[in-house]
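Here's a quick walk through one protein model and its ligand. Have a look at the structure first, then read on.

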Amino acid sequence: MKEEIMERISQLRAEIPSGVELVAVSKFKPVEDLLAAYEAGQRIFGESRVRELIEKIPQLPSDVKWHFIGHLQTNKVRQLIGKTSLIESVDSERLLNVIEEESRKKSCCSNVLLQVHVAREETKFGFLPEELEEFFTSGRYKSLKNIKLCGIMAMASNTTDLQRVRTDFREAAAVFRKVATELAPHLTDFNILSMGMSGDWPIAVEEGANLIRVGSAIFGDR
Ligand SMILES: *Cc1c(COP(=O)(O)O)cnc(C)c1O
């Protein structure tokens, strides 16, 4: 298993164009698997549950960067603040405000991505594109002092229809570019577009992703 994980990491590295960063999504996987990926040079890991993330942190070397990628409940925010290099899955303004408040209490600054909902499914979380645009045009984002808005995260529809997947990614990329170039061009750190998973990352990269989140293609099925 260890050799397989290491092999898959090197393989992915070889395939991913330069300028695109890889998050190894290690949710539900044992620490040995993460250590194998680490040994292959992987440094960014993605977790979707606060408790699991907090348990894993001390078991990996301290130069690991942790990304939170799951739906975050507001009552778990306090535990998470200060533990991650990036919270990718901020899916509402309410959550954003809680992160702001808890970061202020800890006198720190949290790096976040705003999750935009482009998939045609009821179950997916995130800002609708028009909600996200309104958040920026209203200027409310300027009141965030303890949050750094670093970009956008999106997931495509869960479908085998690759044209649909491409359309979803294209829509998310358009929102990202609009915010970055038109609505909030002075946000110089707003430069991450996180999209693409094991089954669809090449399409995401074609559509402009510069951060991809790959789990099962590295660690096997969950
Ligand atoms: C689980 C998960 C992934 C990784 O999915 P795979 O299909 O295993 O690559 C990526 N992003 C998010 C938000 C996830 O929850």
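What follows covers the ligand site and then the aromatic rings.

A word on the ground rules: this is a predicted model, so local features need pLDDT of at least 70 and side-chain atom pairs count only at pLDDT 80 or more, while totals for chains, interfaces and linings use all residues. Numbering starts from 1 along each chain as its sequence is written, and side-chain values use heavy atoms, with hydrogens and water left out.

Let's start with the ligand, which sits in the largest pocket. Residues around the ligand (a heavy atom within 4 Å) include Val25, Lys27, Ile69, Met153, Met155 and Met197. Ser198, Ser216 and Arg222 are also among the surrounding residues, and these three have polar contacts (N or O atoms within 3.5 Å) to ligand oxygens, as tabulated.

| Residue atom | Ligand atom | Distance |
|---|---|---|
| Ser198, polar side-chain atom | oxygen | 2.5 Å |
| Ser216, backbone N or O atom | oxygen | 2.8 Å |
| Arg222, polar side-chain atom | oxygen | 2.8 Å |

Taken alone, the ligand exposes 390 Å² (Shrake-Rupley, 1.4 Å probe), and the protein buries 89% of that.

Now for the rings. The whole structure holds 7 aromatic pairs, meaning ring centres within 6.5 Å, with planes under 30 degrees apart called stacked, over 60 edge-to-face and the rest tilted. Phe127 and Phe135 are 6.3 Å apart at their ring centres with planes at 35 degrees, so they make a tilted pair. Phe127 is buried (under 20% relative accessible area) at 3%, and Phe135 is buried too, at 2%. Phe136 and Tyr141 also pair up tilted, with 4.9 Å between centres and 45 degrees between planes; both are buried.

One more ring deserves a look: Arg43 lies over the face of Tyr38, 3.5 Å from the ring centre. That label needs CZ of Arg (or NZ of Lys) within 6 Å of the ring centre and within 35 degrees of the ring normal.

Methods:
Phe/Tyr/Trp six-rings, centres within 6.5 Å; stacked < 30°, edge-to-face > 60°. Buried < 20%, exposed > 50% of the residue type's maximum accessible area, 1.4 Å probe, protein only. Polar contact = N/O pair within 3.5 Å; in protein donor to acceptor, adjacent residues only side chain to side chain. 1 Å grid on protein atoms, 1.4 Å probe; cavity = no way out; pocket = protein on both sides within 12 Å on 5 of 7 lines; lining within 4 Å. Sits in = over half its atoms within 2 Å of the grid points.
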